[in-house]
Amino acid sequence: MIKRFFFERNNAIIGCMETIIEKIDKNQIDKEVIAKAGEILRRGGLVAFPTETVYGLGADALQEAAAKRTYEAKGRPSDNPLIVHIADYEDLKKVAVNIPAETDILAAHFWPGPLTMIFEKSGVVPYGTTGGLDTVAVRMPADPVARAVIRAAGGFVSAPSANTSGRPSPTTAGHVAEDLAGKIDMILDAGEVDIGLESTILDMTVDPPMILRPGAITAEMFEAVIGEVGVDETLLGDESNKAPKAPGMKYRHYAPKAQLIIVEGDLREEILAIRQLAYAAHRQGRKIGVIATNETVSFYNYGTVRNIGTRENEKTIARNLYRVLREFDEEDVEAIYSESFAVQGIGRAIMNRLEKAAGHTRVSASAVVKKQRYRRITFVSGSDSARGPMAAEILRHLDLKQEYVIDSRGMVVLFPEPANQKAEAIMKSARMTLADHTSRQFDEGNLQDDTLILTIDESEKNKIISEYGEHENVYTLNEFIGDTTAIPDPYGQPLAAYGKCYEVLNGLVIKLAEKINSFAEEE
Ligand code: TXA
Ligand code: MG
């Protein structure tokens, strides 16, 4: 008794108990480890374990005191009810009453799996577990470790996500340890979870059943099985000031330390908006993060950029979301800009969690994108190995008020080559580099409405016009800035000639920067 008292005090006040961490293989479950977990749970202790959605913080769902300890460890308000996890369908009848007929067919399709259903509770479920409600949330997880733990504990394990209240839910045992080591008895580590977002919650006490939290089982999937389902209207937008029906949905869960801002629009506009926001932050010396996707990550050059997954398979995005948010907590960024996702299929759950993490802060991409006469500046030389790439690199190092993609092309590039070595030596002495440069042939695709084409010599401009016709965005560099200084061609000459060429280019590109910055003021 004395020991328990001491233990609880420590747990509640300073959280310095020892947490056992055990690795466990899903395919070859160690029975002894499971037996130990079961024993801790039966004693009223706390064991974090993997489920297919997120890691859960397990406690015996039928012990009032165990629920209290769960709330303490998580720092969670005790009016936020817990989900009771079962391993066998027959056990549902022990914790729920007035179970509607559709439950069988839903369970046949989606259990075990990432679905939680809400029913009227039976007398055995303490109010501590249901946050004082007369209803109970029940889920039968698919993860084999979870099922073994539930059985070892006696069949009924309450398990909220195993994070500190207000942090992203844990998708690895490492995340659990970050938040709860020293506050719980045991963590079972079976690696990364599969889905990465919490289960779909479906309220079975109303007709038709209503989705209270979107997840991997989507409205479309329910409809295919039982016909129409409702969706809690408070999930649909931030305008509603009604309280959500799942008490947990009202808290600003999943909150990263930095302000998360969702940029919404069509994808092209989102990319432009985030590029401009990131560039503006860069110029002001502010550190920001960007949540990008496989398809878009290469478009971002400023800030801490994270690739969250591929738009072709949004399950990858769901799986990585919380990890990426946690990683941003380790970065010292003050704001995170995220692309947005279509609200359909699992995209609905992704956007729901992103919006909660953002505290519903969104900006419309089209409202943010500033009009710019040019978005890209392409220098064109003969071989794209010295003067063009040098001009581009010099311009990249100047302070431009607006964000531009700056690159170079050549009119006669037979095959891709690295930059001329003497040009690179000169750039290095000026603390710049052409190390990433590969020469590329100019083609018609470079003639875009938003691209300013600046040729080094008159001859390249003439060649573009003769091949592709007149184009209003094509100038020689000199012509564009109103200068006449000849740009020497150092090809085949000693290093000093490259040095002289650099001096001339530098002077002209500085004038160019002034000119394009004057557009920024007008726009
Ligand atoms: O995927 C999951 O469901 C994970 C894993 C561990 O199983 N668990 C989880 O639990 O997400 P938790 O506690 O983080 O979220 C439970 C949600 C809360 O929003 C809570 O308000 C809601 O379920 N909930 C629980 N019982 C409810 C009830 N009787 N009526 C309405 N909402 C309820
Ligand atoms: Mg949670």
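This is a predicted model: local features need pLDDT of at least 70, side-chain atom pairs count only at pLDDT 80 or more; totals for chains, interfaces and linings use all residues.
1. Ligand 1. The surroundings of ligand 1 comprise 30 residues, and the closest are Thr53, Arg76, His85, Ser199 and Gly248. For histidine 85, the separation between a side-chain N or O atom and a ligand oxygen is 2.6 Å. For arginine 76 the corresponding distance is 2.8 Å, and for arginine 139 it is 3.1 Å. Taken alone, ligand 1 exposes 680 Å², of which the protein buries 98%.

2. Salt bridge between arginine 151 and aspartate 88. The structure holds 33 salt bridges. In one of them, the side chains of arginine 151 and aspartate 88 meet with an N to O distance of 2.8 Å. Arginine 151 belongs to helix α7 (residues 144-153), whereas aspartate 88 sits in the loop between β4 (83-85) and α4 (92-95), so the pair ties together parts that are 63 residues apart in sequence.

3. Salt bridge between glutamate 178 and arginine 167. These two side chains meet at 3.5 Å, N to O. Glutamate 178 is in helix α8 (residues 173-180) and arginine 167 is in the loop between β8 (157-158) and α8; the pair therefore ties together parts 11 residues apart in sequence. Glutamate 178 is partly exposed, with 47% relative accessibility, whereas arginine 167 is buried, with a relative accessible area of 18%.

4. Salt bridge between glutamate 334 and arginine 286. The closest N and O atoms of this pair are 3.3 Å apart. Glutamate 334 lies in the loop between α11 (314-330) and β16 (335-338), and arginine 286 in the loop between α10 (267-283) and β14 (288-292); the pair links distant parts of the chain, 48 residues apart. Glutamate 334 counts as partly exposed at 43% relative accessibility, as does arginine 286 at 28%.

5. The buried side of helix α16. Which residues of α16 (residues 458-468) are buried? Glu460, Lys461 and Ile464 are. They span an arc of only 105° around the axis, and therefore lie on the same side of α16. Just after α16, glycine 469 adopts a positive phi of about 90°.

6. Isoleucine 184. This residue is found in the loop between α8 and β9 (186-189). Is isoleucine 184 buried or exposed? Its relative accessibility is 0%, so isoleucine 184 counts as buried. Setting aside residues up to four places away in sequence, isoleucine 184 touches Met17, Glu18, Thr19, Leu46, Ala48, Leu57, Ala73 and Val176. Between isoleucine 184 and proline 416 the C-alpha to C-alpha distance is 58 Å, with a sequence separation of 232 residues.

7. Asparagine 517. Helix α18 (residues 495-522) contains asparagine 517. Asparagine 517 is buried, with a relative accessible area of 12%. Apart from neighbours within four places in sequence, asparagine 517 is in contact with Asp399, Leu400 and Lys401.

8. Cis peptide bonds. Tryptophan 111 and proline 112 are joined by a cis peptide bond, with omega about -5°. Proline 112 is in the loop between α5 (102-110) and β6 (115-121). A cis bond also runs from aspartate 207 to proline 208, where omega is near -5°. Proline 208 occupies the loop between β10 (200-203) and β11 (210-213).

9. Positive phi outside glycine. Asparagine 98 is not a glycine, yet has a positive phi of about 50°. Asparagine 98 lies in the loop between β5 (96-97) and α5, and counts as exposed at 60% relative accessibility. Arginine 431, likewise not a glycine, has a positive phi of about 60°. Arginine 431 is in the loop between α15 (421-429) and β20, and counts as exposed at 76% relative accessibility.

Technical notes:
Residues are numbered from 1 along each chain as its sequence is written. Chains are lettered from A and ligands numbered from 1 in the order in which they are written. Side-chain values use heavy atoms; hydrogens and water are left out. A salt bridge is a side-chain nitrogen of Lys or Arg within 4 Å of a carboxyl oxygen of Asp or Glu. Helices (H or I, at least four residues) and strands (E, at least two) are DSSP runs, numbered from the N terminus. Buried means under 20% relative accessible area, exposed over 50%, partly exposed in between (1.4 Å probe, protein chains only). The arc is that of the directions from the helix axis to the C-beta atoms. A residue is near a molecule or strand if one of its heavy atoms lies within 4 Å of it. A polar contact is a pair of N or O atoms within 3.5 Å; within protein, one must be able to donate a hydrogen and the other to accept it, and residues adjacent in sequence count only if both atoms are side-chain atoms. Accessible areas come from the Shrake-Rupley method with a 1.4 Å probe; for residues, only the protein chains shown count as cover. Contact means heavy atoms within 4.5 Å.
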